[in-house]
Amino acid sequence: MAAGVGLGALALAGAANAQPDIRGSGIVDRRAFAQLTDETARHTRARAVEDVYALVLHQMGFSRGSDPGRYDRVTAHYLVLPDGRVYQLHDHDKRLPAASGLNTGSVSVEFAGNLPSRARSTDPKHYWSPDSHGMDQLTPAQVAGGRMLVDTLYRQGWLTHILAHRQGGPGRGLDPGPDIWREVGAWAVRQYGLDWGGPDFAVSGGSPIPAHWWGAVS
């Protein structure tokens, strides 16, 4: 894809219905428990599900373990916790303020953890505020859960793009980081041919995906 292509051009023909049926998929429905902070609610809008075409990958920058009740206020449509369980918090017809300039046509998935800026690193210098946020690694269960989510959404027939939050706005350089991108984003590009915007793609002051994020998918 050519550099500088706008989001309107990225949103190709949408599927007739982008609201997924998650029954039997392994995704746990937690929509009844999800909460929006007052600030988040002020910036949340309704939208047509037909406008949704992308999944944006994020890391939380923290982990509270695998109790889903400790994440009900996270601003995301989906969560992937350390034990690999995947939870849906919000419907696709909610435009959450989750992914900066990518919000309009995307749903967001947050992976729990404060993950390194270099693949699989255990060096504290490669972590954001390790003293207060810990030093986590992407778990094999999270990789399996993230791939299951991509597979489920792709089979719904509407998912055409997979993107990184850093592509959507400034100050998100480590979001989602090389491990999530390599094991879920790059995997989805290779497995399903999903569009990632290309090596120069970024909007709203964001940054392209670094070459070193691709690595070798395990």
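Student: Which residue in strand S7 is the bridge partner of Val56?

Tutor: This is a predicted model, in which local features need pLDDT of at least 70 and side-chain atom pairs count only at pLDDT 80 or more, while totals for chains, interfaces and linings use all residues. Residues are numbered from 1 along each chain as its sequence is written, and side-chain values use heavy atoms, with hydrogens and water left out. Helices (H or I, at least four residues) and strands (E, at least two) are DSSP runs numbered from the N terminus, and two strands pair if DSSP finds at least two bridges between them. Strand S3 (residues 54-59) and strand S7 (residues 106-111) run parallel and are joined by 6 bridges, and in S7 the partner of Val56 is Ser108.

Student: Which residue in S7 does Tyr78 stand opposite?

Tutor: S7 has both faces covered, with Ser106, Ser108 and Glu110 on one side and Val107, Val109 and Phe111 on the other, all of them buried. Strand S4 (residues 78-80) runs parallel to S7 and is joined to S7 by 3 bridges. In this pairing, Tyr78 stands opposite Val109.

Student: Where does Thr160 lie, and which residues does Thr160 touch?

Tutor: Thr160 is found in the loop between helix H4 (140-155) and strand S8 (161-164), and Thr160 counts as partly exposed because its relative accessible area is 30%. Contact means heavy atoms within 4.5 Å. Leaving aside residues up to four places away in sequence, Thr160 touches Tyr53, Leu194 and Asp195.

Student: What distance does H4 reach from its first C-alpha to its last?

Tutor: The expected span of a helix is 1.5 Å times one less than its number of residues. H4 has 16 residues, for which 22 Å is expected, and the value in the model is close to this, at 23 Å.

Student: How many residues of helix H5 are buried?

Tutor: Helix H5 (residues 178-192) has 15 residues and reaches 19 Å from its first C-alpha to its last, close to the 21 Å expected. Just after H5 comes Gly193, with a positive phi of about 70°. The helix itself is mostly covered, and the number of its 15 residues that are buried is 13.

Student: What is the omega of the peptide bond from Asp175 to Pro176?

Tutor: Pro176 is found in the loop between S8 and H5. The bond that leads from Asp175 to Pro176 is cis, with omega near 10°.

Student: Why is Ser204 called exposed?

Tutor: Ser204 is placed in the segment after H5, and Ser204 has a positive phi of about 55° although it is not a glycine. Ser204 is called exposed because its relative accessible area is 51%.

Student: Which residues that line the largest pocket are the closest to its centre?

Tutor: On a 1 Å grid over the protein atoms alone, a pocket is an open set of points with protein on both sides within 12 Å along at least five of seven lines, where a 1.4 Å probe fits, and lining residues have an atom within 4 Å of a point. Grid points are joined across faces, edges and corners, and a volume is the space filled by probe spheres set on the points. The largest pocket has a volume of about 500 Å³. Of its 23 lining residues, the closest to the centre are Gln59, Met60, Glu110, Arg172 and Asp175.

Methods. Buried means under 20% relative accessible area, exposed over 50%, partly exposed in between (1.4 Å probe, protein chains only).
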